[in-house]
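Please study the sequence and the model shown here before reading on. The paragraphs that follow lead from the ligand to individual elements and then to the whole chain.

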Amino acid sequence: MTDMDTAYRFLRADDWQAWRAMETDQRRRVPPPPMALPCPDGATRVALVPPDALTVGSVSLIDVLRRRRSRRAYAEAPLSLEELSFLLWATQGLHAERAMEGSLRTVPSGGARHPFETYLAVQRVTGVAPGIYRYLPREHQLCLLRSQDDLADAVTAACGGQGFCGQAAVTFFWTAIPARTAWRYAIVAPKIIAQDSGHLCQNLYLAAEAIGAGTCAIGAYDQRLADALVGADGRNEFVIYAAPVGKIV
Ligand SMILES: Cc1cc2nc3c(=O)[nH]c(=O)nc-3n(C[C@H](O)[C@H](O)[C@H](O)COP(=O)(O)O)c2cc1C
């Protein structure tokens, strides 16, 4: 095998054959890992606008698709709490939860495993104090992990020094918890997680355009600094993708 074969092996479909014969945790009837991380006891929570009450985002899909671009310049204007609620629901919003069969959300996920957590570096959202938050999909709330005023430099550094990220009203950092997908897919999990992550970011692109905001996928983030910013251990949970969002100038 060449180095290139090794590097791309996880993206190929070669392992499905072996997976069919494997004793996975699911086949051993091991309970699946929790579908979401808990909010620490006593942490401040922010209630979001419920999906049924959203009034933003009703632009037609065809208009959104006509406009979609990667946006790297953001206005000073804040996002409203309703706009942020819409972006979170569009990217990880829960439709239904099933005991052993995962959850159904606004994005698809291999085996309904949904291996991601959503962290936000909030800089300018009306009514939300600046800081690092995690989205709670069950409760449709934010959990405040850390208050922090001077986030611009930390966000820029976590985004690999890409300065426009620090100018965003809010920056999404998505982590992966591989155990959720590995419970069902074992050796095929890395391929599924990589495929899943694209759906998150594409929904964010479309939802952002629908509210006059913009985003830019960030693949070239700094792994160590991004993990540290959101408090991920870098092994059981690690940042897989980031995306700054702001109103379009
Ligand atoms: C997986 C992925 C990673 C990306 N990483 C970065 C990045 O780190 N920095 C950046 O400025 N743009 C990044 N982009 C945005 C691309 O450069 C952009 O999509 C491309 O230039 C096409 O422009 P468009 O999105 O406006 O069509 C990324 C896009 C994708 C899909």
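A residue counts as near a molecule or strand if its C-beta atom, placed from the backbone, lies within 6 Å of it. The model is a predicted one, in which local features need pLDDT of at least 70 and side-chain atom pairs count only at pLDDT 80 or more, while totals for chains, interfaces and linings use all residues. Residues are numbered from 1 along each chain as its sequence is written.

Around the ligand stand Arg69, Ser70, Gln162, Cys216, Ala217, Ile218, Gly219 and Ala220. This shell divides into four nonpolar residues, three polar and one charged; here Ala, Val, Leu, Ile, Met, Phe, Trp, Tyr, Cys and Pro count as nonpolar, Asp, Glu, Lys and Arg as charged, and the others, Gly among them, as polar.

The next element is strand 7, residues 170-176. Helices (H or I, at least four residues) and strands (E, at least two) are DSSP runs, numbered from the N terminus. A residue is buried if 20 or more other C-beta atoms lie within 10 Å of its own, exposed if 12 or fewer, and partly exposed in between, with C-beta atoms placed from the backbone. Seven of the seven residues of strand 7 are buried, so this strand is largely enclosed by the rest of the structure. Val170, Phe172, Trp174 and Ala176 point one way from the strand, whereas Thr171, Phe173 and Thr175 point the other way.

Strand 7 also has pairing partners; two strands pair if DSSP finds at least two bridges between them. Strand 4 (residues 116-122) runs antiparallel to strand 7 and is joined to it by seven bridges, with leucine 120 opposite phenylalanine 172. Seven bridges also join strand 7 to strand 9 (residues 238-247), again antiparallel, and there proline 244 is the bridge partner of threonine 171.

Among the helices, helix 4 (residues 81-92) has 12 residues, of which 10 are buried; Phe86 and Trp89 are among them. Helix 7 (residues 189-210) reaches 32 Å from its first C-alpha to its last, close to the 32 Å expected, that is, 1.5 Å times one less than its number of residues. Glycine 212, with a positive phi near 70 degrees, follows helix 7.

Finally, the whole protein chain comprises eight helices and nine strands. Its radius of gyration, taken over C-alpha atoms, is 18 Å, close to the 18 Å that the globule rule (2.2 Å times the number of residues to the power 0.38) gives for 249 residues, so the chain is as compact as a globular protein of that length. Buried residues make up 41% of the 249 residues.
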